[in-house]
Amino acid sequence: MANSLSPANQDHYQLLIETAREVIYRINMEGIIVFVNNTVKDVLGYNKEEIIGKHFMNFIPPSFQFEMKELFKRLLVEVETTNHYLEAPIASKSGKDIWMGQSIIIHDLPNGERVFLIVSRNIQSRIVAEEQMRLNEQKHRIINYFATSLLGSNSMEEILWDITYNCISTLSFEDCIVYLFNENRTHLVQTAAYGKGKEDNYKIINPIQIKLGHGIVGTVALTGIPEVIDDVTTDDRYIVDDISRSSEITVPIVYENKVIGVIDSEHSQKGFFQPYHLETLQIIASLCSNKLMRAISLKERQINENKYKNIIENMPCGLIELNNNFEITKAYPRFCDLLGFCENELVGQTPNLFLLNKEDYKTSSKKASFSQSNNMDTGIQQLQLKKKDNAIIWAIVNVSPIHNNKGEVNGFIQMYLETTKEKELQIELEKAKSIAESARDAEKEFLANMSHEIRNPITSILGMTNLMFDTNVSSEQSEFLNNIKTSSEILLSLVNDILDLNKIDKEKITLNPIVFDPISLVRSHARNISLNLHNQKVKVRTYFDNDIPKRLLGDVTIINQILLNILGNASKFTHYGTISIQVKLLSRDHKLIWLKFQIDDTGIGISKDELEQIFERFNQAGKATNEKYGGTGLGLHITKKLTEFLGGRIYVESTLNIGSSFTVEIPFQVTDFNVNYIDQPRKTEDYKNKLSAQILIVEDNEINRKYLEKLLLKWNFPFQSAKNGLEALSKLETHQFDLVLMDIRMPIMDGYETSIKLRKMKGNCNQNIPIIALTASALADEKKRALAAGMNHHVTKPYRQEQLLGAIQKYLLLEKPNMIEKNHFQFTPSINQTELSELYDNDLIQVVEMFDLFIKNMPHELSLLHKLLEKGNSQEIKDQLHKIKPNFTYTGFNNISTQIKQLEQQVLSTSIDELGTEMSSTLKMMEESLRIVKVEYKRLSQFLQKK
């Protein structure tokens, strides 16, 4: 029929088809597009050439291809004039699907060819509007559901079920998981989970925990910002749990601007989650947060109530509740059992009913009032209680306020813990402590006397030997004097170790490191051994590594004792052959150097059985050896203990009748300090005193007195002498002196009493002159006691000439610049630098060591003092104050020591409350001093390392 149209008509119809608003195209029976009008460019973006010749199904999304094929099949079997209509999406050139309403008929062409004629209209706007209406209706249904379902009293499990189930059923999610914070808010814990078609998935056996800030869930919980991930494979935060998915949506659950959990869902389809899902899920989270928080709080409250109920029912304390008038309103069973009362006998009464001391009731009431006004706990008291049967018991009592919902105190709770047995034990321990302290004081006095009696003659020997060095002596005499001096020093070391044997057993040895030359030390021992063996056929040889430093820092007294014990055994058991002493460098780093002292002999040796027990106490190498050679069997035991105390190790190899080899390995610190070696006797310079300073010598030992007189004559100091304290006071009343050299232990009147009396002589010109204590005691308490008696300095006998001269020069203002000034080190003004110089004789190394001890011990002591203040035992507080007081003197805080002394004197006469107020400022000063010492310790350590 088209052929009968005139060309003009054909052009007209062609124009109408090409300019139509609908897309018109023809498809042959094979599905190939054979014609399409120009409108396809405007609607779908294709040119005609891009459409014609293509199969129609290439432009139909897979989800609609089956329905489209079925429609074409029906057209072929039904009446030709039937017009079929189908709405389906068509793929545009941009890749976006556009919904089209398509009318399809079968059309026969003039040439007899049958084709499908399709007129397609763009209905995208209508479809989108209808979908939006559907989603809005669905969203309103969800909102209405959650708004009404959460009005009742739901449990947490019911709330979580509603969230997860409805997300699956109404939003077409494949799963839904709710995470809530743990107690510490460090992790998100999987609390509910539901999977589509798998209700068992709601039950969680091993809940997943995700750390805050980790993964997508942890990130949303941290930021509070929801996230939609279209493709999780491109996000390195994605955490795979049981099934790997393709997309994820996570929304925070927020209550009062605080995230309490998240809702999370994953889907197998990439880009599944749309803005509608996000908006709806946020609404669900918002609607559920308030109810969910109430459920969490209720659950926590129930857990806490059960916990506290169990605690109260099972705790060993007896509890009572009181109102603001201190009347008992409730008595718990354990308290009734404790005192033997029934609850109805206690309710309405005050604690005065069972408190033995009525003053305790006043104090307790006062503290409760203080608690009420200050809204705080009142601490712990130990009181005596009277039971119903009049039996007396001890108990620890604590009073705490009870608050109402407004935070006001509307009563108190008292806890009573019986401590009768503990109190009785404490009383017994205090008695035993008193007895032990008396015995300890007697032991100290005995050791001090023994030390004095033994060390005085050693002082004389060493003093006279040093004076001999100042005379013209031959080289042979000099060698003999060296041996006398070394032997005296060894004897002194022995005396010290014997007096300190109890310290070894009680692990109370203290290190006294000084700078020394290890090679000179060993050679001195070798010379002494050689002299002792000069009539025997034994040679003593020494070997030293070339790279052994000449200056090491160590405790020479202990090292002397170790070497002396081993060499003494070697010389005792070796009758011919050799004794060799080898000193080797084992290792060295920037902090420590390890030396090995190996002593080999060709003596009688030790059997294998006896070798295993050689270092045990009171052990000797067999009965026959003991009978022949004697000895206590303590030497090697002490040697091992001392070696280990220095951080070293000792071991032995021996063969019977061939010889023994003892090896001692000890660590030392290398030092560059300019300090004289201790074992190098030198001729003392003749110091000329340009001032006419008068010195008083107070010394009962005639030899020691003569020695001091010789020294002062040599140094050109004018002096007078007294034999005891009484004679000294007589001279001090009639003559003016500039300094006193005071012996401690003297007959008639000792140095302590003499110093105390001098300091009390008001108006006397000598009242405040310097006093240097001279003591032969090896006990550290002697120095503290001397300073407490008013003495200014302490020198232990036997002393080196330069040591005594330095002390005299210092207090007559003739001394050389002290170490602190010499090295340009200045302490912070908070620390009394002058006091430190006097205490440690300008020895910065000792200052560092004392600071180190202070830093290590004081935190514990201050913590204990705080606990004792809370406990409220005045005697224990006083004892603790007395204990820590010297620590502040030794670190240059004399002002704090003075305040502690004042507090110590008023502890027993002051109530705990008033004492706490009085001590608050002092405690702050103590804590501040600890901070200052830490800073100064670091500065001083760095300074010494550089030096």
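The chain of the predicted model has 947 residues, of which 45% are buried. Its secondary structure consists of 30 helices and 28 strands. Among the contacts with a separation of 6 or more, 60% are accounted for by residues 24 or more positions apart.

In one of them, 5 strands with antiparallel pairing follow the order S2-S1-S5-S4-S3. Strand S2 (33-36) and strand S3 (84-91) form the edges of this sheet; each has a single partner strand, so one side of each is left without a neighbour in the sheet. From one strand to the next, the twist averages 30°. Within the sheet, strand S4 (residues 97-108) runs antiparallel to strand S5 (residues 114-122), and 9 bridges join the two. Ile-104 stands opposite Ile-118 of S5. Helix H4 (residues 62-77) lies across strand S1 (23-28) as well as S3, S4 and S5, and runs at about 145° to S3. One aromatic cluster is formed by Tyr-25, Phe-56, Phe-72 and Phe-116.

A further open sheet, again of 5 strands with antiparallel pairing, has the order S13-S12-S16-S15-S14. Its edges are strand S13 (328-331) and strand S14 (380-386); because each has a single partner strand, one side of each is left without a neighbour in the sheet. With direction ignored, neighbouring strands of this sheet are turned against each other by 30° on average. Strand S15 (residues 392-403) pairs with strand S16 (residues 409-418) in the antiparallel sense over 9 bridges, and Ser-400 has Ile-413 in S16 as its bridge partner.

Helix H7 (residues 215-223) has 7 of its 9 residues buried and is therefore largely enclosed by the rest of the structure. The buried residues are Gly-215, Ile-216, Val-217, Gly-218, Thr-219, Val-220 and Ala-221. Packed against these buried residues of H7 are strand S6 (175-181), strand S7 (187-195), strand S8 (209-211), strand S9 (227-229), strand S10 (247-255) and strand S11 (258-267). A contact between a charge and a ring involves Phe-181 and Arg-185: the charged end of Arg-185 sits over the ring of Phe-181, at 3.9 Å from the ring centre.

In soluble globular proteins, nonpolar side chains tend to be buried together. The largest nonpolar core of the model comprises 39 residues, and those with the most contacts inside it are Ile-562, Leu-563, Ile-579, Leu-595, Phe-597, Ile-599 and Phe-668. At least two residues of this core are supplied by each of helix H15 (518-532), helix H16 (556-573), strand S20 (576-588), strand S21 (592-601), helix H19 (635-645), strand S22 (649-655) and strand S23 (659-670). H16 contributes the largest share of the core, 8 residues. Beyond its neighbours within four places in sequence, Ile-562 is in contact with Thr-639, Leu-642, Thr-643, Leu-646, Val-664 and Ile-666. Another core, which lies apart from the largest one, has 35 residues, including Phe-827, Phe-851, Phe-888 and Ile-932.

A search of the whole structure gives 15 aromatic pairs. One of them is edge-to-face, because the rings of Phe-597 and Phe-668 have their centres 6.5 Å apart and their planes at 75°. This pair links distant parts of the chain, since Phe-597 belongs to strand S21 and Phe-668 to strand S23, 71 residues apart. Both partners are buried: the relative accessible area is 3% for Phe-597 and 2% for Phe-668. Elsewhere, the charged end of Arg-649 sits over the ring of Trp-594, 4.3 Å from its centre.

Glu-936 is a residue of helix H30 (residues 912-946). With a relative accessible area of 3%, Glu-936 falls under the 20% cut-off and therefore counts as buried. Not counting residues up to four places away in sequence, Glu-936 touches Phe-825, Phe-827, Thr-828, Ile-831 and Phe-851. Of these, Phe-827 and Phe-851 are among the residues of the core of 35 residues.

Conventions
Residues are numbered from 1 along each chain as its sequence is written. This is a predicted model: local features need pLDDT of at least 70, side-chain atom pairs count only at pLDDT 80 or more; totals for chains, interfaces and linings use all residues. Side-chain values use heavy atoms; hydrogens and water are left out. Two strands pair if DSSP finds at least two bridges between them. Helices (H or I, at least four residues) and strands (E, at least two) are DSSP runs, numbered from the N terminus. Axes are lines fitted to C-alpha atoms, for helices over the stretch in contact, and angles run from 0 to 180 degrees between N-to-C directions. Contact means heavy atoms within 4.5 Å. A nonpolar core is a set of buried Ala, Val, Leu, Ile, Met, Phe, Trp, Tyr and Cys residues joined through side-chain atoms within 4.5 Å. Buried means under 20% relative accessible area, exposed over 50%, partly exposed in between (1.4 Å probe, protein chains only). Rings of Phe, Tyr and Trp (its six-membered ring) pair if their centres lie within 6.5 Å; planes under 30 degrees apart count as stacked, over 60 as edge-to-face and the rest as tilted. A charge sits over a ring if NZ of Lys or CZ of Arg is within 6 Å of the ring centre and within 35 degrees of the ring normal.
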